[in-house]
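Me: I'm new to this one. Can you walk me through it?
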Amino acid sequence: MIKHFATKLIAWHGKDGRQGLPWQSIRDPYAVWVSEIMLQQTQVATVLERYPRFMKRFPNVKRLAAAPVDDVLAEWAGLGYYTRARNLHACAKQVMLEFGGKFPEDPMLLEQLKGIGRSTAGAIAAFAFHERAPILDANVKRILARLFGVDGAIQEKAVNEELWSLAKTLLPKNSSDMPVYTQALMDFGATWCTSRKPVCLSGERKCPFEKECQANLSDQVLLLPRKVIKAKSPEFNCDMLLLRHGDSVLLQRRPDKAIWGGLWSLPESAWRSKEKLSKLSVSNSAAFTAKELFQLVLPDEKTASVLKSFQFIEQGVEIKHIFTHRRLWMQIWHVTSSDAVKFSSDNLKWVPLRQLGKYGLPQPIKLLLQGLSLTRGDGLRN
Ligand code: SF4
């Protein structure tokens, strides 16, 4: 199988692979890189819509590097995993500064760039420069674990190295075949050797490897690849302040290393484990509740000046958001202020509603502001 794998896979792609995706025919390393980063953790249907938009706004590495990071985050809003957007921006700057605006061809050098892992470096090198560099994303791990009956947990280092070694051994001899081979591998994992419904089990189609595939021969297809069982995601909650003055709302820039890092959101309290939950009580006097709320969400600010201008407080909706490794319940508190109170932190900003579209907002906050009809005209867009 090792000898004929690449040839068979390329033949499969000619007949049954995905054709016509906008990034498939591209050989410009910048465009390949953007598509590869966007396709990580984002569905193809979403990328089909957002990739052309991103490329139109940032058509080359020079323009991306020169843009303010907030513009990049705003363009990325809704795609999730915002570290990708911050890394795209940092990487563009690195390419301009260290490589004179040209992506290096060597996958080892690509791997040194911000946000580019070993598999993404392989994909860029293969697509843009025809380098004989392997990829090993989750789909490829699954294919190889099944084909070769690798039954260790794929999170284990030794198993991972074994899969990398197989990925390298299977590469086509001819470097000009690298783009189609790499695309075929991605497509085969995404459409035929899928996690839950591989074609050999559905019986709808005949897999070209079914006679050699170890998982198929030993009836272990759905058991491979083995994964370490994850513990249940922890649950948290927090209070969020939706403070409005006139047609402006108070936003807070999130720390770079936090969840939604670098995006603008509503000021929030520290997260509390759901078990230890103690919510604010609206039955208390409004002034007391407001004081408690401000101390929770803006602990470093002087509350006295805020409270003087406070007019109205109301408990709003509770929003649930599921991250990869945790769940968060956000309790929204609506407060109106008679003044545009000045805060000491540069990360706090009054933003006119019509300008919200210029800011990268976490998706649930964006939806909340849209849902409350806070924005009109040239405000937020989907
Ligand atoms: S036989 Fe089934 S498990 Fe094996 S490669 Fe083909 S689709 Fe995947």
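Predicted model: local features only at pLDDT ≥ 70, side-chain atom pairs only at ≥ 80, totals over all residues.

Me: Good. At what angle do the axes of H9 and H11 cross?
Reply: At roughly 80°. H9 covers residues 138–147, H11 covers residues 178–192, and their axes come within 8 Å. That angle falls between 65 and 115 degrees, so H9 and H11 are roughly perpendicular to each other.

Me: Which residues make the contact?
Reply: From H9, they are Asn139, Val140, Arg142 and Ile143. H11 brings Leu185, Met186, Phe188, Gly189 and Ala190.

Me: And by class, what has the contact of H9 with H11?
Reply: Six nonpolar residues, two polar and one charged.

Me: Switching to H5. Which of its residues are buried?
Reply: H5 runs over residues 69–76. Its buried residues are Val72, Leu73, Ala74, Glu75 and Trp76.

Me: What do the buried residues of H5 pack against?
Reply: Three helices are listed here: H3 (44–57), H4 (61–66) and H6 (83–99).

Me: What comes just after H5?
Reply: Gly78, with a positive phi of about 100°.

Me: Now the whole protein. How many helices and strands?
Reply: There are 16 helices and seven strands. The C-alpha trace spans about 75 × 45 × 35 Å along its principal axes.

Me: What share of the residues is buried?
Reply: 35% of the 382 residues.

Me: And contacts with a separation of 6 or more: what share links residues 24 or more positions apart?
Reply: Those account for 66% of them.

Key
Residues numbered from 1 in each chain as written. Buried ≥ 20, exposed ≤ 12 C-beta atoms within 10 Å, placed from the backbone. Helix = DSSP H or I, 4+ residues; strand = E, 2+ residues; numbered from the N terminus. Contact = placed C-beta atoms within 7 Å. Axes fitted to C-alpha atoms, helices over the stretch in contact; angles between N-to-C directions. Parallel < 35°, antiparallel > 145°, perpendicular 65-115°, else oblique. Nonpolar A, V, L, I, M, F, W, Y, C, P; charged D, E, K, R; others polar.
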